[in-house]
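Please walk me through this structure, one place at a time.

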Amino acid sequence: VAHTVANQPNTLLLVWLLYNLTGAASDESVTYNGVAMTFVKHASFSSTFYGALYSLVNPTVGTNNIISTVSFAPAGPTSDIVVIAASFYKASQTAPVRATFGATGTGTSIAKTGIDSSTTEIMVMGSACHANTTDTKDAAETLIATVLNAGNDMRGTASYKTGAASGSMTHTLGASNDWVMIGASVVGVA
């Protein structure tokens with residue numbers, strides 16, 4: 001997946017890797033322009049529906065490829081995958097994310113409350129469901145992306161909003177389904 005990082009101070013790249021497998025993954029990695037990204041958080045539903053968040057401080061400016069590699073043991077399962085990326089600037093370069101969270105469930109409401117954030121931070125959340133249904137962010141959030149995979153049977157959505165003490169983020173599915181969410185608070189430069 002190609003992604004463009006603007007020439008801004010103190011950049012941070014976040015990537016959500018969301019996938020559904022017919023077998024368990026034994027290893028995964030994500031790179032941007034050949035540089036390994038840092039694993040932040042994951043959530044797994046029934047060992048086959050998985051979401052992970054990766055970060056990279058000071059990524060290369062310009063348009064470069066995000067490459068995700070997932071290994072399977074035993075080899076041979078099929079998978080559906082959605083990749084969503086977002087660049088932020090004026091982010092801490094030493095501890096860029098905190099207050100990470102991940103959860104899974106079934107239903108239409110994908111919500112996280114009590115996020116330990118502040119008004120100098122940005123809360124981010126990515127979610128996915130294994131269905132071709134809407135995944136709508138809350139009106140107070142800004143959409144990063146909503147992506148339907150090539151097989152038209154898995155949707156991922158990511159959004160952000162200004163942090164708040166005991167903050168919350170919500171995505172709503174158009175139909176009840178199994179879901180996974182992963183998020184964090186992006187720390188600004190002091």
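Thr120 sits in the loop between strand S9 (97-115) and strand S10 (121-129). Strands (E, at least two residues) are DSSP runs, numbered from the N terminus. The model is predicted: local features need pLDDT of at least 70, side-chain atom pairs count only at pLDDT 80 or more, and totals for chains, interfaces and linings use all residues. Residues are numbered from 1 along each chain as its sequence is written, and side-chain values use heavy atoms, with hydrogens and water left out.

Thr120 is exposed, at 62% relative accessible area. Exposed means over 50%, buried under 20%, and partly exposed in between (1.4 Å probe, protein chains only).

Now the rings. The structure holds three aromatic pairs. Rings of Phe, Tyr and Trp (its six-membered ring) pair if their centres lie within 6.5 Å; planes under 30 degrees apart are stacked, over 60 edge-to-face, the rest tilted.

One of the pairs is Tyr19 with Tyr50, tilted, with centres 5.1 Å apart and 40° between the planes. Tyr19 belongs to strand S2 (residues 12-21) and Tyr50 to strand S6 (residues 49-57), so this pair ties together parts 31 residues apart in sequence. Tyr19 is buried at 3% relative accessibility. Tyr50 is buried too, at 16%.

Phe88 and Tyr160 also pair, edge-to-face: 5.9 Å centre to centre, 90° between the planes. Phe88 is in strand S8 (residues 79-88) and Tyr160 in strand S13 (residues 155-162), 72 residues apart. Phe88 is buried at 8%, while Tyr160 is partly exposed at 29%.

Notes. Helix = DSSP H or I, 4+ residues; strand = E, 2+ residues; numbered from the N terminus.
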